[in-house]
Amino acid sequence: MSTVELTKENFDQVVTDNDFVLIDFWASWCGPCRQFAPVYEGASERHTDLVFAKVDTEAQQELAAAFEIRSIPTLMIVRDNVAVFAQPGALPESSLEDVIGQARALDMDEVRKSIEEAQQGAAAPEGGQAGA
């Protein structure tokens, strides 16, 4: 399966319409990005049930800024509209396969529960000793 080019116009729809999206933030001038491209493309051919997408950080500077991309390539995995992985650096094939396997194995109900608990914990409880 070939990769999908993400833009600010189609990003939300692609991520919302698909349960599992891998996103490669890259640029044509980036040597490590060019090294990672065939590894990423190979994984897309092996995992045809997943959506492999690319964001050209030069052409899509707003998207790169929205995700605070500071280093490229950066790989992000979004499952059920939740970013479950984001890491800069060109991964070797074995590491990419490992990350995909770990992301597949996640219990998304548990992930959402953890996020909810973290958000509730971040809010200072009423009557608590905030800033004591």
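Leaving out residues up to four places away in sequence, Lys54 has contacts (heavy atoms within 4.5 Å) with Thr3, Val4, Glu5, Leu6, Asp24, Trp26, Ala37 and Tyr40. The model is predicted: local features need pLDDT of at least 70, side-chain atom pairs count only at pLDDT 80 or more, and totals for chains, interfaces and linings use all residues. Residues are numbered from 1 along each chain as its sequence is written, and side-chain values use heavy atoms, with hydrogens and water left out.

Lys54 lies in strand β3; helices (H or I, at least four residues) and strands (E, at least two) are DSSP runs, numbered from the N terminus. With a relative accessible area of 12%, Lys54 is buried, where buried means under 20% relative accessible area, exposed over 50% and partly exposed in between (1.4 Å probe, protein chains only). The side chains of Lys54 and Asp24 are joined by a polar contact of 2.7 Å. Such a contact is a pair of N or O atoms within 3.5 Å; within protein, one must be able to donate a hydrogen and the other to accept it, and residues adjacent in sequence count only if both atoms are side-chain atoms.

Val55 is also found in strand β3, and its relative accessibility of 0% makes it buried. Beyond four places in sequence, Val55 touches Glu5, Leu6, Ile23, Asp24, Phe25, Trp26, Gln60 and Leu63. Although Val55 and Leu6 are 49 residues apart along the chain, their C-alpha atoms are separated by 5.2 Å.

Leu6, Phe11, Ile23, Phe25, Val55 and Ile72 have the most contacts inside the largest nonpolar core, which has 20 residues. A nonpolar core is a set of buried Ala, Val, Leu, Ile, Met, Phe, Trp, Tyr and Cys residues joined through side-chain atoms within 4.5 Å. At least two residues of this core come from each of α1 (11-17), β2 (20-26), β3 (51-56), α3 (61-66) and β4 (74-79). The largest share, four residues, is supplied by β2.

The structure holds one disulfide (a pair of cysteine sulfur atoms within 2.5 Å). This disulfide joins Cys30 to Cys33, with an S to S distance of 2.4 Å. The torsion about the S-S bond of Cys30 and Cys33 is about 80°, so the disulfide is right-handed. Cys30 is buried at 3% relative accessibility, and Cys33 is buried at 3%.
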